[in-house]
Amino acid sequence: MDGQSALTKIGFAVLACNSALAIRNSWGDAGSVSFVLAADAALLLLFLCLRRFERDGGGRNTKAAVWALTTLLTAMFASRVAPLMPPAVAALVWAMAVATAAGGFWAFFLN
């Protein structure tokens, strides 16, 4: 990560430590460990796509990748939070996730 700011490096270090702790605390629960690893992979890919988006001015493929990764992360976290909530609140969590994904699509591709 040459050429990265100190804040970016600190952010990745915090993400790595937080992920290591989450994996250690959920060791034995393959679903939780997989979730942490998949979320980290999606975040890293999103970071790379956003760098490309900023550098190249945002081609259609880069926009599509950014939107897909943010939608994936939104759905992943909604799928973990919604089951912990009462049914009405779970429906609200999913409605907000869908609205976020739809708003991102509108902002990237229709506006």
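## Nonpolar cores

The largest nonpolar core consists of nine residues: Phe-35, Ala-39, Ala-42, Leu-46, Cys-49, Val-66, Leu-69, Leu-73 and Met-76. A nonpolar core is here a set of buried Ala, Val, Leu, Ile, Met, Phe, Trp, Tyr and Cys residues joined through side-chain atoms within 4.5 Å. Buried stands for under 20% relative accessible area, exposed for over 50%, and partly exposed for values in between, with a 1.4 Å probe and protein chains only. At least two residues of this core come from each of H2 and helix H3 (60-81), and H2 gives the most, with five residues. Helices are DSSP runs (H or I, at least four residues), numbered from the N terminus. In soluble globular proteins, nonpolar side chains tend to be buried together.

## Basis of the description

This is a predicted model, in which local features need pLDDT of at least 70 and side-chain atom pairs count only at pLDDT 80 or more, while totals for chains, interfaces and linings use all residues. Residues are numbered from 1 along each chain as its sequence is written, and side-chain values use heavy atoms, with hydrogens and water left out.

## Salt bridges

The model has two salt bridges, each defined as a side-chain nitrogen of Lys or Arg within 4 Å of a carboxyl oxygen of Asp or Glu. One joins the side chains of Arg-52 and Asp-56, at 3.5 Å from N to O. Both residues belong to helix H2 (residues 30-56) and stand four residues apart, about one turn of the helix. Arg-52 is partly exposed, at 46% relative accessible area, and Asp-56 is also partly exposed, at 47%.

Asp-56 also pairs with Arg-55, their closest N and O atoms being 3.4 Å apart. Arg-55 counts as exposed because its relative accessible area is 59%. Through shared partners, Arg-52, Arg-55 and Asp-56 form one network of salt bridges.

## Nonpolar surface patch

Val-81, Leu-84, Met-85 and Val-89 make a nonpolar surface patch of about 340 Å². Patches are made of residues with over 30% relative accessible area and no salt bridge, with like charges joined within 9 Å and nonpolar side chains (Val, Leu, Ile, Met, Phe, Trp, Tyr) within 5 Å. Accessible areas come from the Shrake-Rupley method with a 1.4 Å probe; for residues, only the protein chains shown count as cover. Val-89 is located in helix H4 (residues 87-110) and is partly exposed, at 34% relative accessibility.
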